[in-house]
Amino acid sequence: MGRAFVYVIVGGGVVAGYAAHEFVKRGVSHGELCIISEESVAPYERPALSKGYLLPEDPARLPSFHCCVGSNEENLTPKWYKEHGIELILGTQVKSADVRRNTLLTATGETISYKILIVATGARPLKLEEFGVSGSDAANVCYLRDLADADRLVNVMQSCSGGNAVVIGGGYIGMECAASLVINKLNATMVFPEAHCMARLFTPKIASYYEEFYKSKGVKFIKGTVLTSFDFNTDGKVTAVNLRDGSKLPADMVVVGIGIRPNTSLFEGQLTLEKGGIKVNGRMQSSNSSIYAVGDVAAFPVKIVGETRRLEHVDCARKSARHAVAAIMEPEKTGEFDYLPFFYSRVFTLSWQFYGDNIGEVFHFGDFSGKTFGAYWIHNGHLVGSFLEGGTKEQYEAIAQASRLKPAIEDLTELKRQGLGFALSV
Ligand code: FAD
Ligand code: NDP
């Protein structure tokens, strides 16, 4: 038994939503496109799960944040897919793929064939077990990737109000969840192996600003160590976290954010992989010309840095999805994807944006005791990356433009003197 489509998207996250929107804009016919997703809801803006979804008052709930509200466009509810003749197969995992036959086999036993496939399977959280610690399945240990995880996190948070939460990991999930935990009146302690939070992006000076701000909100930091084991009660719930430095932290709940692994397993041995993802060209096309890969799962040539990279961020998922659809539907008019890396976060009253690449020498600017400050990264005499906290729309656009243009920096003293003014004058 099976169905055949011209275009199939495997995965129903951010990429799927933006790709479907682009297919419709470019005139896909009714019945040509199908999306198969393990999740039971239509594609939504995943970033909401660690922000608005966790608020104690007036939290974000579906259907308010389906794609593409994150870029101020239509809210694509299931009705929209129906009206445009797009088949949404939800709550269905794809179990295997046969790239020579152009078919997918679902967990319900259906074979779905395609002419063109977009792989948009995203990623899954790394589990503590991969670091030799067991206990991930305890009722009060939370990961955060999908709606089910977010609902679980909300329930556990509500059942522990006033208690102790330990956050494992000092990256995006750790920072955003720690903020939500204290907003929900839990005592939050962050534990991570590095010397400061967001170690892959923040400089020590930038990190120090956020850590001090977090401390002022009651978050505690334990840095330079990792957890080695949990203590459990007779119900199997975690009661304490044991650290490598010998200390023990009482815990009513634990949130783990220690990175992700791209979901490539359907295609291992069938498509070329690189950097842990599916390798694609500047048209997001894999080593099999009928298969495109987009979003967290794709490793693509990031022209501006001259390197193949996998970027795990929503702006990239949205734009690369639209680019892949353009390349599929109007190949002669579509060039190579030319993407400027863009990362951001919003926590408490803070909000930062980063554009470009964080390599080379760093120059900080602005008032680190106030609201607006930032940094430029200079590599081989050119500005290659910019960070700004507390900027206005115009200021963020200016640092984006400066990072894209990569101006030559002849006088570092002058750059330091001008600070944000430099980006505004480029
Ligand atoms: P996803 O959105 O993860 O979608 C993958 C989909 O594939 C899922 O629906 C999954 O169930 C499905 N799937 C996987 N395997 C199968 C299979 N075998 N069969 C069927 N379906 C399958 N980025 C930012 O830039 N800013 C943010 O503020 C931000 N916040 C975030 C907050 C959270 C909590 C998380 C988890 C991520 C956040 N991100 C953020 C990252 C951003 O959401 C991702 O980069 C983006 O979602 C990637 O889109 P994607 O479509 O590639 O993957
Ligand atoms: P990140 O990669 O951002 O951070 C993981 C952190 O955990 C790193 O600091 C890492 O250190 C640390 N770590 C690794 N192993 C351990 C360990 N055994 N014990 C303690 N800490 C450890 O991943 P997240 O899990 O925070 O985020 C998951 C995904 O969600 C990412 O793709 C991220 O981009 C996305 N996301 C993005 C957001 C945004 O853009 N605003 C918001 C929320 C999620 P090290 O660097 O040394 O490996």
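## Ligand 2 and its polar contacts

A polar side-chain atom of Glu312 lies 2.7 Å from an oxygen atom of ligand 2, which makes a polar contact, defined as a pair of N or O atoms within 3.5 Å; within protein, one atom must be able to donate a hydrogen and the other to accept it, and residues adjacent in sequence count only if both atoms are side-chain atoms. The model is predicted, so local features need pLDDT of at least 70 and side-chain atom pairs count only at pLDDT 80 or more, while totals for chains, interfaces and linings use all residues. Residues are numbered from 1 along each chain as its sequence is written, chains are lettered from A and ligands numbered from 1 in the order in which they are written, and side-chain values use heavy atoms, with hydrogens and water left out.

An N or O atom in the side chain of Glu194 stands 2.3 Å from an oxygen atom of ligand 2. Ile173 takes part through its backbone, with a polar atom 2.8 Å from an oxygen atom of ligand 2. Of the 910 Å² of accessible area that ligand 2 has on its own, the protein covers 83% (areas by the Shrake-Rupley method with a 1.4 Å probe; for residues, only the protein chains shown count as cover).

## The shell around ligand 2

Ligand 2 is surrounded by 20 residues, and the closest are Ile173, Glu194, Arg200, Glu312 and Tyr344; a residue is near a molecule or strand if one of its heavy atoms lies within 4 Å of it. The shell around ligand 2 divides into 9 nonpolar, 7 polar and 4 charged residues. In this classification Ala, Val, Leu, Ile, Met, Phe, Trp, Tyr, Cys and Pro count as nonpolar, Asp, Glu, Lys and Arg as charged, and the others, Gly among them, as polar.

Helix H4 (172-183) and strand E22 (342-347) each contribute at least two residues to this shell. H4 provides the largest share, 3 residues. Helices (H or I, at least four residues) and strands (E, at least two) are DSSP runs, numbered from the N terminus.

A polar backbone atom of Val15 is 2.9 Å from an oxygen atom of ligand 1, and a backbone N or O atom of Glu38 is 3.0 Å from a nitrogen atom of ligand 1. For His313, a polar backbone atom lies 3.3 Å from an oxygen atom of ligand 1. The protein covers 93% of the 1,000 Å² of accessible area that ligand 1 has on its own.

Strand E9 (residues 164-168) and strand E15 (residues 253-256) run parallel and are joined by 4 bridges. Val167 has Val255 as its bridge partner in E15.

## Antiparallel pairings

A second open sheet consists of 3 strands in the order E12-E13-E14, with antiparallel pairing. Its edges are strand E12 (227-232) and strand E14 (248-250), each having a single partner strand, so one side of each is left without a neighbour in the sheet. The twist averages 25° from one strand to the next. Strand E13 (residues 238-243) pairs with E14 over 3 bridges, and Asn242 stands opposite Lys248 in E14.

Strand E4 (residues 94-98) and strand E5 (residues 103-106) run antiparallel, joined by 4 bridges, with Ser96 opposite Leu105. E4 and E5 form a hairpin with 4 residues between them, and Asn102 in the turn has a positive phi of about 60°.

## The loop between E2 and H2

Most residues other than glycine have a negative phi, and most peptide bonds are trans. Asp58, which is not a glycine, has a positive phi of about 50° and is found in the loop between E2 and H2.

Pro63 lies in the loop between strand E2 (33-36) and helix H2 (78-83), and the peptide bond joining Leu62 and Pro63 is cis, with omega about 15°. A cis peptide bond also runs from Cys67 to Cys68, with omega near 10°; Cys68 is in the loop between E2 and H2.

Notes: Two strands pair if DSSP finds at least two bridges between them. Axes are lines fitted to C-alpha atoms, for helices over the stretch in contact, and angles run from 0 to 180 degrees between N-to-C directions.
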